[in-house]
Amino acid sequence: MRRNEQEERQLWCPPVPSEFPAQYDFGGYSEKQVIRIARKYLLRKENLRRAWARVNHHFPETLTASKPLDILEFSTAHGAMLEVWRHFGHRVRGTDFAGWPDNYNSNAKRPGFIDAAFAKTHENPRAAKNLGWIYQPIIESLGLEVDLFDAGALPYAYDNKSFDVICCYQAIEAYATPENWGLVVDEFCRIARQSIVIGFNPPPLKLREDPEHMAAARAATEALRSYDRNGFKCVFMEFGETRAGFHPTAIKLMAVGGAGTAKGRTKSTRAPQKTVGATLLPKSPRRK
Ligand SMILES: C[S@@+](CC[C@H](N)C(=O)[O-])C[C@H]1O[C@@H](n2cnc3c(N)ncnc32)[C@H](O)[C@@H]1O
């Protein structure tokens, strides 16, 4: 039987604190809006367990910080990383994409375990109900702040060095082709002061059979492993095992030589351009 790497990873960190409520509050949302969310992301406990392990293993410095940090998570989806960091008193913000079509995941079955979540409502509406933003019911239930935009459109609307920590898990593949991941990461470096983690998706089945795509993905990953510009250096690259086999799962960049402060900013750090989102990076063909 294949080992469950996620479960094993979670055994190597302290247990998730019991203070987190067990479920989201979906009262007030239509069933149609809620069941678009992938089944695995409807389980708050599981989302928190995954996020808790990531924060413990990839960002131990945020657990012992002497003051609250400003943290931005790209493509937060269900917001569990932000929930964990908020628990430690940090100031958190997320981003996500809100351009999903109305028929996205329309064949999904309603899982019985969410019945209890519909019984409760919350008081955190952030926007009119929007089928294009899949995770709206969860994010509003948690009262998190999330900015909605296509992260393949550069530059982003954040100031230089406005967040201590940036993370982006299992999403960069949707922003742009591998040849352009470096541009996305350059933009993360413009915004970040201290540390950045990029988590990778397993290579999708269809693209795994495409030698050209795999060569580009390998070259892009290697370029990030040896990243040393914009005042940031790669400090580790992590591998893991999933159904897609053994592959890179994350890299971490840290600011070097005071580059993380406005004073120490290097010349190569790009100032935000006037028109936010003006450059749309090419995307890989739809993944399966
Ligand atoms: C596989 S989920 C990962 C969610 C979460 N980061 C995690 O690791 O559990 C992919 C996320 O990327 C977002 N996404 C997809 N295309 C995007 C785009 N062009 N710009 C920004 N986010 C995008 C999705 O909405 C979703 O939140």
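**Helices, core and ligand shell**

Colleague: Which exposed residues does the face of α10 turned away from its buried side carry?

Modeller: The model is predicted. In it, α10 has a buried side and a face turned away from that side. The exposed residues on the latter face are P211, E212, A215, A219, E222 and R225.

Colleague: How far apart are the end C-alpha atoms of helix α10, and what span should its residues give?

Modeller: Helix α10 comprises 15 residues, 211–225.

Colleague: Which elements are included in what covers the buried residues of α10?

Modeller: The buried residues concerned are A217, A220 and L224. Their cover includes helix α8 (181–191) and the strands β6 (192–199), β8 (232–242) and β9 (245–255).

Colleague: Is I191 buried or exposed?

Modeller: I191 is located in helix α8. Leaving aside neighbours within four places in sequence, I191 contacts Y156, Y158, N160, K161, S162, F163 and I166. A residue is buried if 20 or more other C-beta atoms lie within 10 Å of its own. I191 has 21 C-beta neighbours inside 10 Å and therefore counts as buried.

Colleague: Which residues touch the most other members of the largest nonpolar core?

Modeller: The largest nonpolar core has 64 residues. Not counting residues up to four places away in sequence, I166 touches L72, F74, F188, I191, A192 and I196. The residues that touch the most other members of the core are I166, I196 and I198.

Colleague: How many of the residues of helix α4 are buried?

Modeller: Helix α4 spans residues 80–87 and is mostly covered. Its buried residues are A80, M81, L82, E83, V84 and W85, and they pack against α3 (44–58), β1 (70–74), β2 (91–96), α6 (136–142) and β5 (163–169).

Colleague: Which residues come nearest to the ligand?

Modeller: The shell around the ligand divides into seven nonpolar, four polar and two charged residues. Of the 13 residues around the ligand, those that come nearest are S75, A77, F97, Y169 and A174.

Definitions and conventions. Residues are numbered from 1 along each chain as its sequence is written. This is a predicted model: local features need pLDDT of at least 70, side-chain atom pairs count only at pLDDT 80 or more; totals for chains, interfaces and linings use all residues. A nonpolar core is a set of buried Ala, Val, Leu, Ile, Met, Phe, Trp, Tyr and Cys residues joined through C-beta atoms within 7 Å. A residue is buried if 20 or more other C-beta atoms lie within 10 Å of its own, exposed if 12 or fewer, and partly exposed in between; C-beta atoms are placed from the backbone. Two residues are in contact if their C-beta atoms, placed from the backbone, lie within 7 Å. Helices (H or I, at least four residues) and strands (E, at least two) are DSSP runs, numbered from the N terminus. The expected span of a helix is 1.5 Å times one less than its number of residues. A residue is near a molecule or strand if its C-beta atom, placed from the backbone, lies within 6 Å of it. Ala, Val, Leu, Ile, Met, Phe, Trp, Tyr, Cys and Pro count as nonpolar, Asp, Glu, Lys and Arg as charged, and the others, Gly among them, as polar.
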